[in-house]
Amino acid sequence: MLWSAADLPHLSGKTIVVTGRGPSFDQFGVPNTLDDPQLQFFDVAGNLVDSNDDWADHPNQAAVPESVRPQAAKDAAIAVTVNPGAYTAIVRGVGGATGVGIVRSEEHTSELQSQFRISYA
């Protein structure tokens with residue numbers, strides 16, 4: 001399980017893109033990648049804000065800009081509008097699977113410039 005936590009005080013009404021990747025690293029020779037990551041995004045109270053398994057199957061998948069869309073169909077991605085506060089993103093393998101993965105987030109601007117990064121463990 002990968003998790004990430006961030007306090008986002010400057011993002012009032014901003015859209016961020018959060019991805020959970022594993023299979024897209026296969027092309028780089030990364031061994032033991034997470035075959036099917038599932039992403040969950042929680043607010044400070046622990047409420048599930050959004051989740052995804054297989055990014056292209058998400059109802060809002062068109063909101064994920066092409067420049068940051070996962071290359072692998074089994075990777076997870078969401079675009080979510082946030083208010084100031086603390087958030088947690090969790091990536092797990094579907095069915096309890098394990099492997100190498102990463103959780104990443106970026107502010108979605110018209111230029112999709114990376115305004116912040118969320119650490120992961």
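## Ground rules

Residues are numbered from 1 along each chain as its sequence is written. Because the model is predicted, local features need pLDDT of at least 70 and side-chain atom pairs count only at pLDDT 80 or more, while totals for chains, interfaces and linings use all residues; side-chain values use heavy atoms, without hydrogens and water.

## Two nonpolar cores

Let's start inside. A nonpolar core is a set of buried Ala, Val, Leu, Ile, Met, Phe, Trp, Tyr and Cys residues joined through side-chain atoms within 4.5 Å, where buried means under 20% relative accessible area with a 1.4 Å probe, protein chains only. The largest one has 13 residues, and V18, L39 and F41 touch the most other members. At least two residues each come from strand 2 (14-21), strand 3 (37-43), strand 5 (76-82) and strand 6 (86-93); strands here are DSSP runs (E, at least two residues), numbered from the N terminus. Strand 5 contributes the most, four residues.

Another core, of six residues, lies apart from this one, and its members include V17, W55, V64 and A77.

Next comes an open sheet of three strands in the order 5-2-7, paired antiparallel; two strands pair if DSSP finds at least two bridges between them. Strand 5 and strand 7 (102-108) are the edge strands, each pairing on one side only.

Seven bridges join strand 2 to strand 7.

## Meeting V18

V18 has S105 as its bridge partner in strand 7. Leaving out residues up to four places away in sequence, V18 touches (heavy atoms within 4.5 Å) several residues, among them L39, F41, I78 and S105.

Notes. Buried means under 20% relative accessible area, exposed over 50%, partly exposed in between (1.4 Å probe, protein chains only).
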